[in-house]
Amino acid sequence: MYKLDFTHPVSVYFVGIGGVSMCGLAELLADAGFQVSGSDRSPSALTDMLESKGITVFYGQRAENITDSIDCVVFTSAIHPDNPEYIAAHEKKLPCLTRGQLMGQIMKNYHTPIAVSGTHGKTTTTSMVSEILLAADTDPTLSIGGILKDIGGNMRIGKSGYFVTEACEYTNSFLDFSPKIGIILNIEEDHLDFFKDLADIRSSFRKFAGLLPGDGCLIVNGTIENVQEITDNLACRVITFGMDANSDYYPTDIRYDEAGHSEFILHDSRGRERNFALQVPGEHNISNAMAAIALADLLSIDSTVTAEALRRYSGTDRRFEYKGTIGGVTVIDDYAHHPTEITMTLRAAANHKHNRLWCVFQPHTYSRTKAFLKEFAQALTLADKVVLADIYAARETDTLGISSETLQHEIQALGKECYYFPTFDEIEIFLLENCINGDMLITMGAGDVVKIGESLLGK
């Protein structure tokens, strides 16, 4: 593998530089003195930010963008071998790195690299950890998979030895990371266009845990089925958290306010009982917060600092994000695109005061929709009214014989009212005619469904 020498910066080109993770890495290398450029399909707020920092961004991926002046090319997993810049880089025999390989090399520059993994909750937990480290004045470097308002983006470059990043299992990219502390929030079936089955996914997480050194630590959800398969014979220390008393960290006396925000007493293996309050809804966020608290305790951060940071944390963009109110209808946006995430989000919404709960869902990828068709249908029945948009194809082109109408029929078969419209304009018209004062509307999915709520509020 090609290795960057951080004492001798060179020219690095990012294919897909506008991606939320790639953008942060490009910013970090530029700050370290590297000559950074890259390409993406179209302009965005992230590419605008990069250009404001003097980074050259090409729009449209073309072979002529790959010049002889480039020393290294970085690709994301979304870039396929038929990409013209991928072909040109290999024809020129330029050194190439995946995003995960570059992340692993960057992490080695820090004394405490922290990687947050799991099928769900990575961005929220990384954001919670970030808020705690900032409140504790540790001056961390942060790489977040979403926009955190307190840092004005998804990347913060600090000067200390603390580095925090999300660690995604897709294409096993997190196995190229170099963490000292790892968090595993949960392990479920997902990304079945890459993994064979759940056993394959669990094997990947076990390998991730095995990356941790003897003086490191794994913070893991103790309620993961057969968690011992993940933790047995690790060289590092293991700390567990969960919703029951069998874990090192667990909550009791959980209470919710009208907005669905929780307050709870946290118990730990040292016998302490501490009170925490969150400004983000749902039981799943209690679990995310416990992982963040366990990390803060491990780093000897004062408990009052941790509690205040979590109390102030109001969420990351697209994670149960309040967008506004129109005609007495509360508009929320959420990134949920897996049946478990949908279930957690809709259950969290149930604790929020409202009349009818509307969910506008945009399925993400044909492969995921086909693999979890019945699970999606069951999860969406937790809403009072369901509206479906077309599937957001993302990296895929083959429909696999699946569509949103297929999902609509599954939902209707469960006795739930469900509508499908092929365009956002039709969905907006339907919602304007049918949502009434006191209703809650959640736009949901990992694609561009957020535009529907934003457009309604603009009207």
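## Close-up views of a predicted model

View 1. In its unreviewed entry, UniProt lists Gly 118, Thr 119, His 120, Gly 121, Lys 122, Thr 123 and Thr 124 as "binding site". UniProt positions follow the numbering used here, feature names are shortened, and annotations may be inferred rather than shown by experiment. This is a predicted model, in which local features need pLDDT of at least 70, side-chain atom pairs count only at pLDDT 80 or more, and totals for chains, interfaces and linings use all residues. Residues are numbered from 1 along each chain as its sequence is written, and side-chain values use heavy atoms, with hydrogens and water left out.

View 2. Lys 122 lies in helix 5. Helices are DSSP runs of H or I with at least four residues, strands are runs of E with at least two, and both are numbered from the N terminus. Lys 122 counts as buried, at 12% relative accessibility. Buried means under 20% relative accessible area, exposed means over 50%, and partly exposed lies in between (1.4 Å probe, protein chains only). Leaving out residues up to four places away in sequence, Lys 122 touches Val 116, Ser 117, Glu 166, Ala 167, Cys 168, Glu 169 and Leu 185. Contact means heavy atoms within 4.5 Å.

**View 3. Thr 123 and its contacts.** Thr 123 is found in helix 5. Its relative accessible area is 5%, so Thr 123 is buried. Which residues does Thr 123 touch, not counting those up to four places away in sequence? They are Ile 144, Gly 145, Gly 146, Glu 166, Thr 316 and Arg 319. Glu 166 is listed for Thr 123 and also for Lys 122.

**View 4. Helix 5 against helix 9.** Two packed helices are described by the angle between their axes and the distance between the axes. Helix 5 (residues 122–135) packs on helix 9 (residues 303–312) at an angle of about 130°, and the axes are 9 Å apart. That makes helix 5 oblique to helix 9. Axes are lines fitted to C-alpha atoms, for helices over the stretch in contact, and angles run from 0 to 180 degrees between N-to-C directions. Angles under 35 degrees count as roughly parallel, over 145 as roughly antiparallel, 65 to 115 as roughly perpendicular and the rest as oblique. The crossing of helix 5 with helix 9 is right-handed. A crossing is right-handed if the near helix is turned clockwise from the far one by less than a right angle, and left-handed if anticlockwise. Helix 5 contributes Met 128, Glu 131, Ile 132 and Ala 135 to the contact, and helix 9 contributes Val 305, Thr 306, Ala 309, Leu 310 and Arg 312. By class, this contact has six nonpolar, one polar and two charged residues. Ala, Val, Leu, Ile, Met, Phe, Trp, Tyr, Cys and Pro count as nonpolar, Asp, Glu, Lys and Arg as charged, and the others, Gly among them, as polar.

**View 5. Helix 1 against helix 4.** The axes of helix 1 (residues 20–31) and helix 4 (residues 99–107) come within 11 Å and cross at roughly 40°. The two helices are therefore oblique to each other. Their crossing is left-handed. Ser 21, Met 22, Leu 25, Leu 28 and Leu 29 of helix 1 meet Arg 99, Leu 102, Met 103 and Ile 106 of helix 4. Seven of the contact residues are nonpolar, one is polar and one is charged. How many residues of helix 4 are buried? Nine of its nine residues are, and helix 4 is mostly covered.

**View 6. Two loop residues with positive phi.** His 191 has phi near 55°, a positive value in a residue other than glycine. His 191 sits in the loop between strand 10 (181–184) and helix 6 (198–210). His 191 is buried, with a relative accessible area of 13%. Thr 365 has phi near 75°, also positive in a residue other than glycine. Its loop joins strand 18 (357–361) and helix 11 (366–371). Thr 365 is buried at 1% relative accessible area.

View 7. The unreviewed UniProt entry gives residues 116–296 as "domain: Mur ligase central". This span is 25% helix and 31% strand, with its end C-alpha atoms 13 Å apart. Gly 271 lies in the loop between strand 14 (261–267) and strand 15 (273–281). Gly 271 counts as exposed, at 57% relative accessibility.
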